[in-house]
Amino acid sequence: MTFELGPRAPSPWGWRSPRAPVPTAAFRCEAAVNNIDLDRFGRPRVVVTGMGAVTPHGIGLAAAWAGVTEGRSAIGGITRFDPTGFPVRFGAEAGDPDLEDDRGWSIPESVAHLAFDLKGRLAVTAAREALAMAGLPRLGARAGVCLGSEAARPSLADVARRLADSEPPDAATLARMRPDAPTRLLAALVGATGPRSTVSTACTSSSQAVGEGVLRLRRGEVDAMVVGGVDVLVDPIMVTGFSLLGALSTRNDDPQAASRPFDADRDGFVLGEGAGMLVLETMASARARGANVLGEIDGFGCSCNAYRITDSPPDGRGAAQSMSAALADAGLNPEDVDYINAHGTSTLMNDASETRGIHKAFGSHGGVVRVSSTKSMTGHLVAACGAVEAIYSLLACRDGVMPPTANLDRPDPECNLAHVSRTAERQKVRRAMTNAFGFGGSNGTLVVSALA
Amino acid sequence: MNQRVAVTGLGVVSPLGLTPQALAEGLAAGRSALSASPALGVLADDRAGRVDKIPVRPWLKRRKDRKLMARASELALAAAGPALAGFEGDRTELGVFLAVGREPPDDGESEAALAAASRDGKLDADRLAGPGRDRYPPLLPLKTLPNMALAHVSIHLDVMGENGAWAGEVGAGQRAIVAGVRAVAERRCPAALVGGADSLVDLGSARDRLRLGAKGPPGEGAAMLLLEPLEQALASGRRVLAVVEVGSGESDGEGLLPQITAAMGALGAASVPLELAAHIAAGCASSLTLDRSDAGDVSAAISVFALSA
């Protein structure tokens, strides 16, 4: 066994230290050659056998993927409430799916109240699509659910009721507002009685939820995990709050041009909503049941910025650390990644900070690896963005198509990357990376690939 | 492959006391920290386990940042500071794994804005966009995100490594600690802060609990444990307060939770971390195994015991 120096060194489960060696390609191949079920470090490989999404482009994976590969913006005027008088009057609303189409996955009576709101309906719909694609039977003790989710926001009516009579909402409404409500709902839906957890790290939530699923599968705790995220943000209180923060684009006269990551004229992000769900299994489990393997999660990394609540560090240090950790976890070098689905929110600070982070983590390859942000078309799905963008990244690998950054008319010199701008490009994508960076400074990165 | 994990730092902020020792002694003496809370005066039972002065100031980089912190964030940082105080290692890869409860209340900051946005007892979107907006604290959305406790610990203590914030009730505390123990045992990070913080003593949270059928008064608190590989801790001469393992097993009876709840009220996501901290601070005379996950988990029981055991 020989070793060469690399950027970071994984232990069998992660990294050992920034200066320790990375195994050479010869060593890495050994495990894979000997056992297709294990990765280059001898860990169980984690594959994707089902994916489902509800995004502002529509209900279902096909609509989601067609929307971003056609370079089409799904951002428009707010219809869910009358936004007249609000500083921001547009967003990226998701459709409201019909739960009648149960695809064989009906909602148990015990949790039916958790599916009464849009958040629950989005989560169930995306999960049903993923489960149908995976062709899994009803799950059991060897399966778990891990979702990224925030607390649901009370409706205006609920807030008003509270102000008027100081009575709390009814128990069912309170149960729906808990961050873990979608997790409990999906666990009951799929019959998973294994690990169940809810990650709440703002925009990083579902990236870390996917990561937690990967870790549990590698440890052999479970054979399958339903992972993903859901968020619904286009409501009056969120629009008020985030616009007061100065975080939202105010391009009310041209909503479709409002989200423009990496562009010199960007002025903030666009609130969006949606859900993305993935069924993860060990390769051994997927092969044993003859499942159609859609792709692989090669690596996961995360970090904190330790900088400020509202700002990203100008030097991109936390982002770089997260990306380097994911590369190390996958046992890859920067040159092994062909495409990055960036966090790319369209805020001045995030995009510049992420650019520096990419250059720091990728070195000379930072100017070569292709980069785009699908938020230019979907808006910011916050707790759901990590999972939805992981799905886009897997599809980019599968189809050899990189979706573009829409509205990138005049790239900011501070964002000097090899952009895929305005129209999708065809290119073999061996591996893709996807970033998610949250308010407060939590970062998560996944490295994915299509199965060779 | 996996390393044994030592607890080398401990921080507690609780209604019974602001140190691990004060918590353990208070519990041993059967003391109650429940008292009438003016904020809960409209409820039939106005008692709460409240921390009067959260000692967060020594750990703040910038004093003005306190304006951004909900009580749960203050509790988390005030517990994390002492837990990490003796740690001299590199914090770049130090992990932080927290249980964060359901969502920090905004401590009434939104009420003025929402009242201004109401007309005839109803919230009016037009007024929310006008007079309501003018009174809305701009940073409020960030203050009330569940992961803000994690963010403040990271920012003020320069912790940059692997992280996670788990939302939920008692089980979230178990999940955060298990995640941190595994991260250290599997060498994904060289050391980690694990624990939880929760505050349920505001009127809104107290009412919500009652509506959900919860019994007993609400409380608040936080506990943080610093975990390091046992070998590393011994080699560097660190004081090992306890050894912690994750494995299959059932809880040893009821543990300390009934005493903790009776003395300080319901502590939500901070319950399990405080329970472990109290046991460790009392000297770990016996091993303690806890499984308080509110959902099936695999091999997730936490055991703590003294090094000599």
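The legends below describe close-up views of a predicted model.

Residues are numbered from 1 along each chain as its sequence is written, while chains are lettered from A and ligands numbered from 1 in the order in which they are written. In this predicted model, local features need pLDDT of at least 70 and side-chain atom pairs count only at pLDDT 80 or more, whereas totals for chains, interfaces and linings use all residues.

**Figure 1. Confidence and overall make-up of the model.** The model scores ipTM 0.93 and pTM 0.93. Chain A has a mean pLDDT of 90, with 89% of its residues at 70 or more; pLDDT is the predictor's confidence in each residue, from 0 to 100. For chain B the average pLDDT is 91, and 97% of the residues score at least 70. Residues 1-31 of chain A stay under 50 in pLDDT, and the model has 66 contacts beyond four places in sequence for them. Where pLDDT is low, the predicted coordinates should not be read in detail. Chain A contains 13 helices and 20 strands, where helices (H or I, at least four residues) and strands (E, at least two) are DSSP runs, numbered from the N terminus. Of the 452 residues in chain A, 64% are buried. A residue is termed buried if 20 or more other C-beta atoms lie within 10 Å of its own, exposed if 12 or fewer, and partly exposed in between, with C-beta atoms placed from the backbone. Among the contacts in chain A with a separation of 6 or more, 79% join residues 24 or more positions apart; two residues are in contact if their C-beta atoms, placed from the backbone, lie within 7 Å.

**Figure 2. The interface between chain A and chain B.** Here 59 residues of chain A are in contact with 56 residues of chain B. At least two residues of the chain A side are supplied by each of β3 (15-17), α4 (156-165), α5 (171-177), β10 (196-199), α8 (236-244), β13 (295-304) and α10 (317-330). The side of chain A that touches chain B comprises 31 nonpolar, 20 polar and 8 charged residues. In this classification Ala, Val, Leu, Ile, Met, Phe, Trp, Tyr, Cys and Pro count as nonpolar, Asp, Glu, Lys and Arg as charged, and the others, Gly among them, as polar.

**Figure 3. Helix α8 of chain B and its partner in chain A.** Within α8(B) (residues 203-211), the buried residues are Leu203(B), Ser205(B), Ala206(B), Arg207(B), Asp208(B) and Arg209(B). These buried residues pack against α5 of chain A. Gly213(B), which follows α8(B), has a positive phi near 90 degrees.

**Figure 4. Crossing of helices α1 and α11 in chain B.** Helix α1(B) (residues 20-28) packs against helix α11(B) (residues 271-281) at an angle of about 90 degrees, and their axes are 8 Å apart. Axes are lines fitted to C-alpha atoms, for helices over the stretch in contact, and angles run from 0 to 180 degrees between N-to-C directions. The two helices are therefore roughly perpendicular, a term for angles of 65 to 115 degrees. From α1(B), Pro20(B), Gln21(B), Leu23(B), Ala24(B) and Leu27(B) meet Ala277(B), Ala278(B), Ile280(B) and Ala281(B) of α11(B). This contact has 8 nonpolar residues, 1 polar residue and no charged residues.

Figure 5. The 15 residues of α7(A) (residues 205-219) should span 21 Å at 1.5 Å a residue, in agreement with the 21 Å between its end C-alpha atoms; the expected span is 1.5 Å times one less than the number of residues. Of these 15 residues, 14 are buried. Just after α7(A), Gly220(A) adopts a positive phi of about 80 degrees. Ala202(A), in the loop between β10 and α7 of chain A, has a positive phi near 55 degrees although it is a residue other than glycine. Ala202(A) is buried, with 26 other C-beta atoms within 10 Å. Helix α8(A) is largely enclosed by the rest of the structure, because 7 of its 9 residues are buried. Those buried in α8(A) are Pro236(A), Ile237(A), Val239(A), Thr240(A), Gly241(A), Phe242(A) and Ser243(A). Gly246(A) follows α8(A) and has a positive phi near 80 degrees.

**Figure 6. Surroundings of Asp37 in chain A.** Asp37(A) is located in the loop between α1 (25-34) and β5 (46-55) of chain A. It counts as partly exposed because it has 18 C-beta neighbours inside 10 Å. Leaving aside residues up to four places away in sequence, Asp37(A) touches Pro44(A), Arg45(A), Thr282(A), Met283(A) and Ala284(A). Arg287(A) is 250 residues from Asp37(A) in sequence, yet their C-alpha atoms are 8.6 Å apart.

Note on methods:
Angles under 35 degrees count as roughly parallel, over 145 as roughly antiparallel, 65 to 115 as roughly perpendicular and the rest as oblique.
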